Amino acid sequence: MISQLLFLLLLSTGIFFFARRIGVIRRNIKSGRAWDGSDRTSERWATMARVALGQGKMTTRPVAGVMHILIYAGFVIINIEILEILIDGLFGTHRVFAFLGPVYDFLIASFEWLAAGVILACVVFFVRRNGMAIARLASNDLKGWPSLDANIILVVEVLLMFAFLSMNAADAIAQSRGLEHYVTAGSFPVSSWLMPLYSGLSDAGVVAVERGMWWFHIAGVLAFLVYVPYSKHFHIILAFPNTYYSNLNPSGQMDNMAAVKKEVDLMMDPNADPFAAAPPSDEPPAPFGVKDAPDLTWKQLLEAYTCTECGRCTSECPANHTGKLLSPRKIMMSTRDRIEEIGQQREANGGKWEPDGKTLLGNWITEEELWACTSCQACVEACPINISPMGIILDMRRSLIMEDSKSPESITSMFNNIENNGAPWAFPAGSRGDWTQEV
Amino acid sequence: MAEMTASGQTPDVLFWVGCAGSFDDRAKRITKAIARILHASETSFAVLGQEESCTGDPAKRAGNEFLYQMQAAQNIATLNGYGIKRIITGCPHCFNTLKNEYPELGGTYEVLHHTQFIRELIETGKLRMSGDTPFKGRRITFHDPCYLGRSNGEYLAPREVIAKLDAELLEMRRCKQNAMCCGAGGAQMFKEAESGDREVNHARTDQALETQPEVIATGCPFCNTMMTDGVKNAEQESNVIVKDIAELIAEAADLLDATTT
């Protein structure tokens, strides 16, 4: 009875902290500008099924892709076992699904094989991250916390799987000795390798290992649940909404800013009164483009929280490839850092955010990074969960130009040429058709 | 276009030449190749001449939405004024802007990249290759323009057209969806690159040269400039030529004597 109460306490604590953190992230994401993703629902579901559920873009890099699918399948399927652990924990039963007989044996055996797969994949990932010079994983973008975060995730996953297998091994020994409560159930193809570790123990020792591992596993799972939304690992949840809200337009299509269209329409309208006052409004006019994280749409902020820092974008980026400062991954990481900071300040200030004199563009992301982008969309194509770092880059250029009139000199000349000659170069518009005389 | 309208004619297609194709000496040769193909295939077409103006693509991607929308409004007024329905472009940037970004502003047309139109001409028998094309068996690699490929998913048309040359098509390590940019997009063409280890076009040209081509085929005047410069930088200009697909076709097809436009 006491252990059931303890379990209930542990479970509700885990869920409480998880839910509280989700609430914070939700508020932070919703502090972005409006964006409408309510259209084309069937196409959206199909994209989510293909890209997130089906891992459709992962295997473009075969080693990382296959290993990732192993962990993904393990995570999703082994979670069926969590259901049994929850019921057992709350009601004091033991292996409550054992009545399924051969089906149960099959399930447990497949969980064990998957657990072995997860351990293998995590070890490979750990070696790739720490022992091999893979550029995108050894990059400066990941110095400090991001790199530690990645290693924590891998180590915790190995520990959880090891606990799960040890629990099964001890259980199987207890079953074979006919100990009380230990019904004969399950098939243990992988954990049987661990049995020699525990078979020398007394009956009490075997039970202690089984119970200890059971508690360590579920407590670890709940701790991980609380950890995940503070980590890059949160992609395991956000990948689904993020791919649902994928950009379904051609990747090179930029939005036409509605606020600008209104101005241009007015300019072109011969009946418009050029001296008319703007209609009164309490809202300050929205800035053009993006200077700080709250100027982004909620979809872009969702992307920032979804990014798992794999760096496929950066390794495909032609600017980064040739040694420029720009790293699309860093654009996403900076965006998340900034909106997190604003969220914390807002919370500390009773829900209202007072500008703190810092901005995403300037304090986190520099003009040099923005001007290195060729808008080639390689980062968009490379992202396994359809994030667009390019969208944020181009939106920030809009702020540089339309709010601050800051551009490299040659870009200013290009603008002037288009304005005066209708071409980005200083050729007279009148000579545009001259080539026809040369044919 | 103005002359045709004045004489009561309506062309089937409008050839949107683009700024590079109008003013840049190298790109003008591509424009002329497209014009020769259009003549040879007896396509009824027109150009806007002085009435054409920059689509606004480089301004938009450099952050100047105002300038872009002013250009768009002006061009859409011109195109709609002539009742244009079908446009072919010699530049993937114009193609992308006209096709994807103008409709919302009131300019909806059927827009084709020139490689798509050339494929159509070959398929409908309006354009025939000579029995022995000058490129038979030659090694050709194709550099995908970002705004044709990744932007608009068109990887096949340029390859199918190259296939008609009887040439050996070599794919680069990074091609189609994963193709690397030449370095000109997003208004980079009009500015110095940021500081780094090397130029994007030199890196991309190296990837092209890895296939040991005789010809690097392009479908964009800006890519053409960048790859030509890259080949010069690698001191390979005596071994490798950079040509637009339109130029290759114009050299290989049974073109009628097209002398004037």
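Mentor: Two strands pair if DSSP finds at least two bridges between them; helices (H or I, at least four residues) and strands (E, at least two) are DSSP runs, numbered from the N terminus. This is a predicted model, in which local features need pLDDT of at least 70, side-chain atom pairs count only at pLDDT 80 or more, and totals for chains, interfaces and linings use all residues. Residues are numbered from 1 along each chain as its sequence is written, while chains are lettered from A and ligands numbered from 1 in the order in which they are written.

Trainee: In which sense do strand β3 and strand β4 of chain B pair?

Mentor: Strand β3 (residues 86-89) and strand β4 (residues 110-113) of chain B are parallel, with 4 bridges. Within this pairing, B:Ile87 has B:Val111 of β4(B) as its bridge partner.

Trainee: Which hand does the β-α-β unit have?

Mentor: A crossover is right-handed if, with the strands pointing away from the viewer, the path from the first strand over the helix to the second runs clockwise. The unit of β3(B), helix α6 (residues 92-101) of chain B and β4(B) is right-handed.

Trainee: How many residues of chain A are in contact with chain B?

Mentor: Two residues are in contact if their C-beta atoms, placed from the backbone, lie within 7 Å. By that criterion, 57 residues of chain A contact 58 residues of chain B. Among the elements of chain A that each supply at least two residues to its side are α10 (258-268), α18 (389-402) and α19 (409-421).

Trainee: Which domains does the assignment give for chain A?

Mentor: Domain bounds come from an automatic or database domain assignment. Chain A has domain 1 (2-38 + 47-244) and domain 2 (258-268 + 287-426).
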